[in-house]
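Thanks for coming. I will go through one structure today, from its secondary structure elements to a few backbone details.

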Amino acid sequence: MKCCFRAVTAAALLLSLASGASAEIKLPAIFGSHMVLQRDQANPIWGKAAPGEQITVLIGDQHHVTNSTDGNWRVVLKPLPAGGPHKITIKGSNSSEDVLDDVLVGEVWVCSGQSNMQWSVSQAFDGDLEALAGDFPQIRHISVPQVGTQEPQWTFAGQWDVCTPQNVGQLSAVGFFFGRQLQQTLKVPVGLIDDAWGGSACEAWINRDTLAKDGRFPELLARWEQIEKNFDKAKADAAHAKNLEKWKADVAAAKDAGKQPPRQPQHPGGQMTGNQRPANIYNGVLKPTIGYGIRGAIWYQGESNASRAYQYRDLFPLMIQSWRDEWAQGDFPFYWVQLADFMAEQPQPGDSAWAELREAQTMTMSKLPNTGEAVIIDLGESNDIHPRNKQFVGTRLARWALAKNYGIDVPYHSPTFKNLEIGKGQAIVTFDHVRSNLRAFDYPDVRGFAVAGADKKWHWATAAITGKDQVTVSCPDVPEPVAVRYGWADNPVCNLRDAQSALPVTPFRTDDWPGVTAAAK
């Protein structure tokens, strides 16, 4: 009888524990203590609970009740003004309550892209000094881990943190300097969602169904379908083990010879879970945050797509629009950083994949509303793809947000090409978005222009500022110019900027001759 009683008791206990576990309210990591809710708009909160369980969400004088359907529940908070701290209490009819403390209401921005967005404050100029002054309790941040998968993720391992001198060095530098400028200017809390992944390709950030339905990327998808079809995990594991053994021997030999040891080989199957495979980052990183109340997004990416710059003309706008469609917050602001100058300077003018990628980025402003581009052609470093002056990058992005979304009269738009007039052996270029007047920086003469005739051969040109928004360009080797380029190189020497704002002129070309990436798919 004792054995029987113990068995029944144990079974009842297990059933009770199982029942308690199934009734537990679960929140995705994007919701937590110290988070920032977007002010002045309705904000959804969602989670999981036992099917049919009644869920109550309390914040201030708001009281929301819903039922879990198929294990999922969702409520929408009424708009709140900036401020806090608030407490959010989430109660289940069959489970214990969950309390989120120290919740602020302010401005929320997604900070996304590849390594130049991921680059930390500690790696930026004066990172040590920035950390010493990094006490910003009104700035909150959360980082999404790098998970590459074809399976949509519901949550992630992460939490909201208050910005302190102890942790500010780990934050995205561009995100932090952007957010700090907003917080200090607007005097409201700022929340930063950092989901950047170094080396990531644009297509990895897009839902695979969206890519397929669009119809413009069959070669891209076919290439990956072939990779996936041919992937053999057992062979990949065996090959990696063999490569590791060779690498260990090479490291030992290098040490004995006093040479730099080789890098550890990557697993050949890493591409399946990596940052290039279409939709991998969308599912593993972006998906768990989609729907969280935000003001907008800032983006710093493009290096990994430079060899397919013409394709980026379509791919990048598709990504932005797909995010907006899924977020269901309308055409929220989306601002990006144009690629910086990088690699060796070209002695002669000509073609450039990086210039074509910059062009694709600039084109996106005319394709989608509420978008903007921070030009940093003056901030790059020839021998480092990660320029360290992230302070200027962040504040140039902040200019767009302050001017376009918060109604503050500050210069924000770099001058852009407007039109070209040809006559008497010279070309007159007129620019748009000139705040005051144009000026040459660092050198007394204007540098960075090239001209070509009907033969399509490019020559460096002499350029002079001949009006508030005009530059006259000529070259004795091109008596009848037909096209002009400015800053058209991987690492151009160009020095034209707006005198008042000091924002650099956007690189451009007036020709539409096929570039070096025109055929890349």
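Helices (H or I, at least four residues) and strands (E, at least two) are DSSP runs, numbered from the N terminus. This is a predicted model, where local features need pLDDT of at least 70, side-chain atom pairs count only at pLDDT 80 or more, and totals for chains, interfaces and linings use all residues. Residues are numbered from 1 along each chain as its sequence is written, and side-chain values use heavy atoms, with hydrogens and water left out.

Start with the overall picture. The protein has eleven helices and 23 strands. Its C-alpha trace spans about 110 × 60 × 50 Å along the principal axes. Of the 521 residues, 52% are buried; buried means under 20% relative accessible area, exposed over 50%, and partly exposed in between, with a 1.4 Å probe and protein chains only.

Now a helix pair. Helix H9 (residues 309-327) packs against helix H10 (residues 353-367) at an angle of about 35 degrees, and their axes are 8 Å apart. Axes here are lines fitted to C-alpha atoms, for helices over the stretch in contact, and angles run from 0 to 180 degrees between N-to-C directions. On the H9 side, the contact (heavy atoms within 4.5 Å) includes Tyr-310, Phe-316 and Ile-320. On the H10 side, Leu-357, Met-363 and Lys-367 are among the residues involved.

Asn-370 lies in the loop between H10 and strand E13 (371-374). Asn-370 has a positive phi of about 60 degrees, although it is not a glycine. Most residues other than glycine have a negative phi, and most peptide bonds are trans. Is Asn-370 buried or partly exposed? Asn-370 is partly exposed, at a relative accessible area of 29%.

Asp-126 is another non-glycine residue with a positive phi, about 55 degrees. Asp-126 sits in the loop between helix H2 (115-118) and helix H3 (127-132), and is partly exposed with a relative accessible area of 47%.

On the peptide bonds, Gly-84 and Pro-85 are joined by a cis one, with omega about 5 degrees. Pro-85 belongs to strand E6 (residues 83-92).

Last, a sheet. Four strands make an open sheet in the order E18-E17-E21-E23, with antiparallel pairing; two strands pair if DSSP finds at least two bridges between them. Strand E18 (458-460) and strand E23 (508-509) are the edges, each pairing on one side only. Strand E17 (residues 449-452) is joined to E18 by three bridges, and Ala-452 has Trp-458 in E18 as its bridge partner.
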